[in-house]
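Below is a short report on one protein model. Look over the fold first, then read on.

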Amino acid sequence: MAGAAALAQAAPVTLNIVDVAGNLAVTQKALEAFRDQNPDLVSSMTFTNAPAPQIPGKIKAMQAAGRADIDLVLTGTDALAAGIEQGLWLKLLPEHDSVFKADTDKYHPAAAKMQQLAQGYGLEVSFMQGGPLLEYNPKTVPNPPKTPAELLTWCKANPGKFLYARPANSGPGRAFLMGLPYLLKDKNPYDPINGWDNTWKFLKELNTCVPYYPGGTSAIMKELGQGGRDMTVTVTGWDINPRALGIVPADFKVQAFDNFTWVTDAHYMVIPKGVSADKQKVLFKLMAFMLQPKQQAMTYDAGYFYPGPAIANVPLSAAPKESQEVIEKYGRPEYAKMTADHPSAVPLDAKAMVAAFKKWDDEVGALKK
C-alpha cells in the first residue's frame, strides 16, 4: 500500500492557473517552459483570465464547497490584499523558508519591499516601477498638467477628455489613487480613512469632469488610442506596452507630476487554501523556477510590466532579443532619471487597500452610472 501511495503521489498533475492581473503577458512562456521541462511533474496546464474583484468570492465559494478547482492565482496587490483579508491564501513564508528563502533573498531592494506586502501569503514574480504618470496626446494637449491642481483645471476646461479606471481593477488607477496623498500633502498616505482628507476632496471634485470609470485599464487605452480621450493616468508598463502593440500611437507622451512619489507595483503567485499536498509540492517547484534569472529575464516581455524582473542583477541584455528591441524602441530614457530623482513608496497594506477601494467605490465611483 505504501508503494502504491508513493506511486500515486509521483503521477504528473494538471495545474489550473488563473490570472487576474494580466500577468500571463510576462510569465506564460516561462510557465509553459516548466511544464515542458518537467513532464514527470506536470501533465498539462490550463490558463484562465478573470477580473480581480471577482476572484475572492469565487475562491471563497469553491472552498466552502470543498473543491479545489484553481491551483495557482497570478495577482496584483488588489486580489492579493482581498484574499489575505478573507483568509483565502496558503501561507508560504516562513513556513516554507527551506524551499523559497534562497530565492526571495535575491529580490532587489524595491522588490523586496513589495514582497513584504504579501505577508508570507504569496511570492512576488514581477516588479514594476509604477506611477502615477499622465499619458497624453501631444497634438491636443500642448501643455500637460504638472500638478493635481493643473489637472483639475484642465479637466474642467476639457470635460470628458480625461479618464481613469476603477482603482480596484486597474494598476494605473491604483497608482493614481495611492500617489495623490503624497502630492496633496495629506497627513498620512497609509491611512485612507482618516489621513486622506485632501485626496478624497480632490477626487470628488475631479469627478465632475470625468464621464465614467471603466472597469479596467485596457478600455482606457483603447479610448485614448482611438481619440475619444486626450489624457489618462498611467504607469511605466501601461505606457510602453500599448504603444508597442499599436493600441496607443507611438508618439504619445508621458508627464510626471512635480515632486511626485513613485508608487511601485508587483505581481504575485498565490495558492488558494485547499489545493492538494501533491499539487503543492509541484507548485513550490514551479514558483522557485519562476524566480530564477532566466525566467525573470523573460518578464521584460514587451514592456507590459516595466521593468519586470523582481530579483536583482537581471539586465535587459539578458532578456530575449525581441524584448530588447521593444524596450529600446518604445521605452523612455527619462524613466531612469525619474527613478533616480524621485522617492518610491510601497502601496497600502491589505487592510488599508481594501478600505481605500471601498471608499472610492462608495464615494467616488458610485457618483457615476
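This is a predicted model: local features need pLDDT of at least 70, side-chain atom pairs count only at pLDDT 80 or more; totals for chains, interfaces and linings use all residues.

## Nonpolar core

The largest nonpolar core has 109 residues. Within this core, F162, Y164, F176, L203 and L206 touch the most other members. Helix α12 (residues 277-290) supplies the largest share, 7 residues.

## Open sheet

4 strands build an open sheet with mixed pairing. Their order is β6-β7-β5-β8. Strands β6 (162-163) and β8 (253-256) are the edges, and each pairs on one side only. Helix α11 (residues 236-245) packs on the sheet. Helix α11 touches β5 (133-136), β7 and β8. The direction of α11 makes about 20° with that of β5.

How do β6 and β7 pair, and over how many bridges? β6 runs parallel to β7 (residues 231-234), over 2 bridges. L163 has T232 of β7 as its bridge partner.

## S323 in helix α14

S323 sits in helix α14 (residues 321-330). Is S323 buried or exposed? S323 counts as buried because its relative accessibility is 4%, and the cut-off for buried is under 20%.

The side chain of S323 reaches the backbone oxygen of D301 at 2.8 Å. Neighbours within four places in sequence aside, S323 contacts Y300, D301 and L316.

Definitions and conventions. Residues are numbered from 1 along each chain as its sequence is written. Side-chain values use heavy atoms; hydrogens and water are left out. Two strands pair if DSSP finds at least two bridges between them. Contact means heavy atoms within 4.5 Å. Axes are lines fitted to C-alpha atoms, for helices over the stretch in contact, and angles run from 0 to 180 degrees between N-to-C directions. Buried means under 20% relative accessible area, exposed over 50%, partly exposed in between (1.4 Å probe, protein chains only). A polar contact is a pair of N or O atoms within 3.5 Å; within protein, one must be able to donate a hydrogen and the other to accept it, and residues adjacent in sequence count only if both atoms are side-chain atoms. A nonpolar core is a set of buried Ala, Val, Leu, Ile, Met, Phe, Trp, Tyr and Cys residues joined through side-chain atoms within 4.5 Å.
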